[in-house]
Each structure stands twice: as C-alpha cells, then as structure tokens.
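Could you walk me through this model in the viewer, one selection at a time? Tell me what to pick next and what is there.

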Amino acid sequence: MKPFRYDRAEDISGAVATLAREPTGMFLAGGTNLVDLMKLDVVRPDVLVDVRRLTSAEIEDLPDGGLRIGTAVTNSELAADRRIRSRYPALSQALLSGASGQLRNLATTGGNLLQRTRCAYFYDTTTPCNKREPRSGCSALEGCNSGHAILGASRYCVATHPSDMAVAMTALDAIVHIHGPRGQRQIPITELYRLPGQEPQHDTNLEHAELITAVDLPPAFSANSKYRKVRERASYAFALVSVAAALQVRDGVVHDVRIALGGVAHRPWRAEKAEDALRGRPAAHESFRAAAEAELAGAAPLRENAYKVPLARNLMTRTLLELSGER
Amino acid sequence: MTTITERRAIGASLDRRDGPQKVTGTAAYAYEHRFDNPLYLFPVQSRVARGRVTRIDASAAEALPGVLVVLSHENAPRLADASDRELAVFQAAEVDFRGQYVAATVAETLETARYAASLVRVSYSEEPHDVELRADRDDLYAPERVNPDYPTDTEEGDFDREFSSAAVQIDETYTTPMEHNNPMEPHTTVALWEAGDLTLYESTQGPHWTRGPLAQAFGLDPDRVRIIARYVGGGFGSKLLHANTILAALAARMVQGRPVKFALTRQQMFSGVGYRTPTIQRIRLGAGQDGRLTAICHDVIEQTAKLKEFAEQAAVPTRTMYATRSRRTTHRLAALDVPVPSWMRAPGEAPGMFALESAMDEMAIRCGLDPVEFRIRNEPEIDAELGLPYSSRNLVACLREGARRFGWAGRDARPRSGQEGRWHVGTGVASSTFPTIRLPGSVARISYAGDGRYFVEIGAADIGTGAWTALTQIAADALGTGVEDIDLRIGDTSLPQATVAGGSSGITSWGSAIFEAARVFRDRHGRGPSEGDQAEAAAPDNPDAGNYAMHAFGACFAEARVDADTGEVRIPRMTGVFAAGKIINPKTGRSQIIGGMTMGLGMALHEESLVDARFGHVLNHDFASYHIPANADTGQFDIAWIDEEDTHVNPMGSKGIGEIGIVGTAAAIANAVYHATAIRVRDLPITPAKLLR
C-alpha cells in the first residue's frame, strides 16, 4: 500500500474543501471496499479525508411520507429499520443479501453506493483494465466474463456494478443528496451512475470532492416490493443477477410497477421498457414474461455470460408473479 | 499382528485436548510466536508466464527507510542443491510460471516490505507461454508412475472386446476444474539463522518431512535445522515444502540473527503452494442385461508443470472399486508453463471418483437398476489390482446403512419426479474409497515422568485434524493408563522423527510407533517404572502389508434442490456412512467427515480456479471470487460409522479418515441434481449457468 495522509475535517464543508485541494485524495467512510483496493494498489490516494463522523447517521421521516437516510447510516441499521422493513421491504432484503454481518456493520449508505466493480481484472493490477488505467484495454471483453454485463456495456468496459442496495434504491426512485465544492444538489439515483461508454474510469457523475450526504426515498407507491438475488452459493457472494421490484395491481391489472436489475450492467439497471410494457396489462405470467423479454431484447451477451439472459428473464417473471400473489 | 486388546480411551468422544488453547487464542501458530526484533518479507511475483528476468531495479525500494534488503537471483545466496526446480528460488533468471517469485523485500514492518515490493521494477524478456489443458493436445505423455507410486496404466482382461460386445454401454467424458487448497491459516514461516543453525516456525503438515529437503537445499546437516509446528491451521495437502519456505530461509540468511516473518496473502495462495490439476476423464463402462459390469475403462488427462512433474492418480480408485471381467486405466499429462500441481485432499480419489461414480449412476439408470443395488451387484471378491483379499471391505454395509438412514427406500427413480413449489428435488448416491496407508519411518519415545504420568513424544503434526487428542487416546490404551496421565509432545523436529500428516496416514503411522514404543517400554520397565525410565521404538513394517488390500470405504447420499427458474442448487441434507476400522475418536472423526463432505460440496457447486490463458495465472485469486461453501450452504449432516473390526491394518484397528469424506460427495450431488432436473452435468462445478434452460 502506498503511504497516504489521513485527514479529518470539522464539518462537511470543511471536508469537501479539503478534498477539493487534493486532486488524488478520496473520502473515507466505512472503508470496507476502499481499504482493500488500496492494499492491492488498485487505487492509490495520497490523502484520505474521513467523513464518517461528519455525516448524518439518522433516518428521518420526511413530511411527504418518505424517508431521508443519512449517508453514514450503516447497512445493518438501514436493513433493520422498522420503517424500511414495512414500507420498503425490497431495500431491507437487498441489504441483508449483501456481504456479511461484520461488513454490514461497518459499511455505510454512501460507501455502498460508491463501491467499485468486482471485475477480477480491475482488481488485478498485472492485467490491463480501462477502468483502473484508462486506455490500457479491457481484458474481460475476450477473457473470463461469466460475471459480466449483458446490457449497456461498451467495448471499453463490460464490468457490472456490485451493489445490492443500489438496485433496490433504483427501483424505489431514490434521490441522492450531494454536497460539493460548488454547493449542494440533488439527483435521481438513475442519474448518479453512468454507463461505461469510452470512459469507464468514471463509475458515477460525481465531480471530484463531491460528497453524498443523504438518500431520500419518496413515499412508496406500494409496500409490495421484493428483492431477489441469485448467486452460486447461498450467501456472501455478489449477484449473478438480482431483481428489485415493486408492484401494484388493481382488479387484476398492473396499475404501477418498478423494476431494477443488478449484475447485468455497469449500473443498477432500471427496467423501464419492462415497466412500460406492463402498465395496464393483466398481472399474469404471460405479460410478466413478455415484459421481461422486452427489457432483455437489447441484451448483448459475451462469450461466457449468455446464461444471464434467461436467468434475468426468469427472475423478473417469477418475482413479479410472486408480488402479484401467485406462487 | 499384535493389536490393542483393551480399548478404553480409543473409541471415546474425548473433547479436543487443544480446544481450550485454540478458543482462548493461546495456541501459538507459526506467525504468532513473539520475537524482539522481527523482520517482514514480501515477495515480488512474475508478471510473465515464461521468459527471463533481464533487469531488476530495486533502487526505489532500497531507498525506502526501513528496508534492509531486496533479494533476487542477482544477490541471493546460492543453494547447495537446486536440483528440485520448484524449490530453486532466485537461483536463475528464468521464469517458469506467472506468479513465480522474482524478488522479495525484507523490512522492519510488513507495511514497508509490501510497499517496497511494489516499487521493485522488474524487466523481462518474455517468451510465448502455454497454459491450456486440452484433450486434443499432441504432446500428452505417460508419466513413469503416478502419485505416490502407482503404475501409470493397468490392463486386465480384454477391454476392447468386452466393451464392444457389452449389452449396455456408457461412454462419457467428465471434467473437473483447477482447484486450490485454501486452509484458513495461510502458508507461514518465521525463519531465523544463528551461528549456522536454522530455526523455522513453520505452518507445515510434517516438520521432519519439510526439514529433509530444506536441509538438502541449503547443504546443511539436518541436525542444524529445527522446525517447530505445534499448531497448524489446516493444510489439505498444500503444506509441505514449497518455494515460500525456501524464500523465507534465504532471506533470513541475509539478515543473520534476526527472525524473518513471511505469511502468504490469500492472493498469493493461488500461485506456488500447490493445487489440484484440472482433469479430463473419459469413462467407458460395459454391462450385461443383468447389470453386471464386464468392462471398465478410465482414461485420465491432466496437467503438470514443466518445472516439475506431479501426476495425480485419478484413475487409481477405479482399479479397486468394482468387479469386472476387463479393465483398463490410463493417465496422460500435458506439461505446461504453470505452477506445480500437488496434493489436495484425496488427490486421485476426489476427481476420479466424481467421474466413476457419475458414470455408475448413468449405467444404473441405463440398466434400469437402483443405483444402490447396482453398486452392490458389482461388489468384488478381491482387490483386482493386487490380486489380494481385502483386510476388510464394508462398502455394501455402508450403502445399505446409508440407504436406511437417508430414507432411500421407495424413491421414485424417474428424473424430475420430485417437485416442491419451485424446487426440483432429487436424491443421489455415490461410493467412496480411500487407501489405508502406513508410511515408514515414524519413531516414538515414551518416558516416565513419575506420579503415574508419561511423556509421549513424536514429531507428528496436528493440522486441525484432532491428532493431539487421538494420539493421546492411543498412548493411554497402549500403556494401559488414563488419558489424563499422558503428556503428549508433537510438532517439533527436536522430537523423534515422524512421517507427514498426509494420505490419511498420520494416525496409522504415528499410532503404530506409539504402540510399539509402549510395548517396548512395558517389556523393559514393567508396570511400575521409575522416573526417567524411557523407551523409543519405530513403527514396525506391517507384516500383513503384502497379504491384504487395505482401504476404507463409504457411501454418500445427498438431496439436491434446484430452483426451476434460476438453476440455484441447494443441498439441504447429506448422509455419509463410513467403514474405516476402529474410530479412535468419534467426535473429532465426525468433524473430519463434516469437513471432507463440505469440501466435496464446494467441489460440486463452487470451486473453480479461473485461468485466462492470455496471462496464465489464476484470476479469481481471493475468497470474494473463488467460492467455497458458506455456512448457509451446508445443511444437515447425518454421519455414521460401520462397526468394523480390522486386525490387519495396525494395532489400533483404525483406517485414515482425513480424506474419505470428500471422495463421493461431488458425485452424489451431481447424481442428485440429475435426479432432480434430468440434466446430467459432467463438468464441475454445477453452476446455475449449466442448469438454466
């Protein structure tokens, strides 16, 4: 690990100002991903600005019935919160399906959103990787890519985003609060993340020294939501494919629906095509499957990950069926 | 043979003698020994798979405060004997595989050593490398022998004629991937040179076995080398002498008088401390309409390293399992630019029995027979390879008792006949076998400490197996005293010489020496010895060795559930029944079997080292990406023993149980997955991708 300076600020503005002066510095929260990456020389910051104690660790009720999640709320606390469990079950389930108890106790909301891909080439500094080292090439494109993207990838990067929590938040229309050198802003979570395009070194649309301070969950249109994650072993593994979905059925017809997929793209994948195909359609197997197929029509599997297409299709179909009350 | 007639301690479920030390953290593993002024080593690994190191620029690393030395082939001490090329660290500029040590740093802190290693600039002249095992390679060759010393090929009867005329035939190819041993404690050495003497605190499966080749490499009299390994956090075959230990000793030699600590990172565990070769196994079975086998052929293709040969004996269990009129077994190797493959829990049996027992399931179905009945119908009278009777063989009892416990009777044999909600539910069975091995060369010393207490000393290693406890029980019965009177001392080359904790041979080899030393002690000193009375004896050769074939047997039953939508596989329950002679300690024995079966579960569903042939090293070299079972993957274990008396194997009547637990598990699960889904996966591991339709 490259030697680095550890810094703490008095408040959020101070932390942002400190980091703004350090072009190769980074914020440190739980450190469950960042410290590993530093040990492996994947990232080599000169300065770490610890924000863990500066940011909110509270979950507040919002006047409109939504919730505001402070960025320092741990994954364990968030998963266990009664309001989350009753109003946004998909989010609690997503959190509990990720990592291990020990890691969830340490990992924060903001850090979870900003965790890096688990592509093996990104982690291995002896192989080319455009995300780690721009313009060095993508080793996964023609390499071991059974875990990689089937949607929205480019020839520069086929990595996937590893978060479970972010997939549920994407389905739940979360809003991300950002505090940066030029002030504060709020963006939908779908605009936080990027597709790789030609610049996969950027996972998100955050500018340097911008800090996520909170995540708002708008009032749930339905507490009928669910997160389902598929992986080879029963726990402590990243998703091959996951789905977060919320469904509201009236008189046997889909009134409203939200679907997001994990493990299929460079960002949590909001399945808008499937949602559009479902609104007003019967809440039944045929329409669920047709909607899933509509979403996956643009899938471009790689040599080793074609299985993700039927897996994502089946998983969407089954999860929606279960939300509609069928077994 | 003389055997222990009165067993009081043997057979008791004694708690682990080392349990309190381990759970309170006072059992010192190699790295945990305290020193006043230790140094830390971190290696630099090759970034090419074949070629030469042309330049090493260590200036930035050497300039770092706290760095004592940067070693490489340019400045490292010459070994006295570099003929074992795997161990010839820094003796030449050649690179033999990606990940090989090409330099190393020694510094005052681990952090400094690691950072310094990242600053060493190594230049290479790279040559094309070859790391791909394929069945169609034209350079496959037959090794002279296969591990540890079996014939490479065997032939009984006229296989070609019998197979071609068989009423029912199976001809299928089964493949298993590269897998890496990953004990919880990584390979660890603390090396200290003082006045020409070398002391190692070492995580090893055999202090004396490590000392021999180590002393040879450094040109030392073995008496000048001491290896201490009282507690070892697992080995699974990987913890014998590899390059990492030589590297630590070389480095320590350059900083005489100061101990050098070297523990591999998890990532480093995936290059250079052994692994299970990938295998490509073609099995052909011929049977009559009556379900009796007439022809068995097992052709194995594996890899080895150009650096040094290791030939895994995957077809060897096929030589003893079933009766047939004709049989052929072969092993062929491809020598590649890869690290040297080595022992990994049940080398040979684990991959070989996956193939054979999958094929047996396919054949049973083809013959319209129940898989348990089909195996029983092909039970042999004698061991065909040796032409000898078995000292004891209770496979049939294992199958019958396992079937009873598992609830096999009344099983609907039709594939895909079991459904619960969205789960396809199936059951499967497979046989297990493992040879009962006694390695020559173990010596035990017994001395009377007064007050009814005895010192029992032998340089054995407990790698988590329970040897501390089982050897105490054996010593108590051999001396006719209580376990509380035994003060066992193991894990140190200053104790009498002992063989390795490998090949499931430890208890047989060391226990036989302890038994013999106790016999000599009582002959010499009677039942009322004086303080200081002593006897030392070597384990004698087994007089029955040439008269019987000696194996443990077992049967594994598994229930598999496969999600119809996602292909996720879950194993809610397994039954394992084993006939392994007298079980010295059923409690620690059960733990051994649970460990073996869990490792078999990982082999079936999870483990696979991924090599990108363009680069040549294992990509998924951490536990986030190389999966072994988590607790949530293990369901119910029902483990039982067949009460087996065997007076031929050793004085205790015991057979080794360290490895047999893994042997049949992968096939039992694959067979259960077939029963659940009608999909036959012949390529491990069984992942959702292979089950999605």
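Start by selecting residues 253-262 of chain A, which make up strand β11. This is a predicted model, and in it β11(A) is mostly covered, with 7 of its 10 residues buried.

To see one of the pairings for yourself, show A:Gln248 and look across to A:Asp256 in β11(A), its bridge partner.

Now go to the turn between these two strands. β10(A) and β11(A) form a hairpin with 2 residues between them. Click on A:Asp251 in that turn: its phi is positive, at about 55°.

Then move on to the next strand. Select residues 269-270 of chain A, strand β12, which runs antiparallel to β11(A) and is joined to it by 2 bridges. Show A:Trp269 in β12(A), and you will find A:Leu261 standing opposite. These strands form a hairpin as well, with 6 residues between β11(A) and β12(A). Pick A:Gly263 here; its phi is positive too, near 80°.

For the last stop, bring chain B into view. Here 27 residues of chain A are in contact with 29 residues of chain B. On the chain B side, select α3 (110-119) and α16 (688-691), each of which supplies at least two of the residues that touch chain A. α3(B) gives the most, with 4 residues.

Conventions:
Residues numbered from 1 in each chain as written. Chains lettered and ligands numbered in written order. Predicted model: local features only at pLDDT ≥ 70, side-chain atom pairs only at ≥ 80, totals over all residues. Buried ≥ 20, exposed ≤ 12 C-beta atoms within 10 Å, placed from the backbone. Pairing = 2+ DSSP bridges. Contact = placed C-beta atoms within 7 Å.
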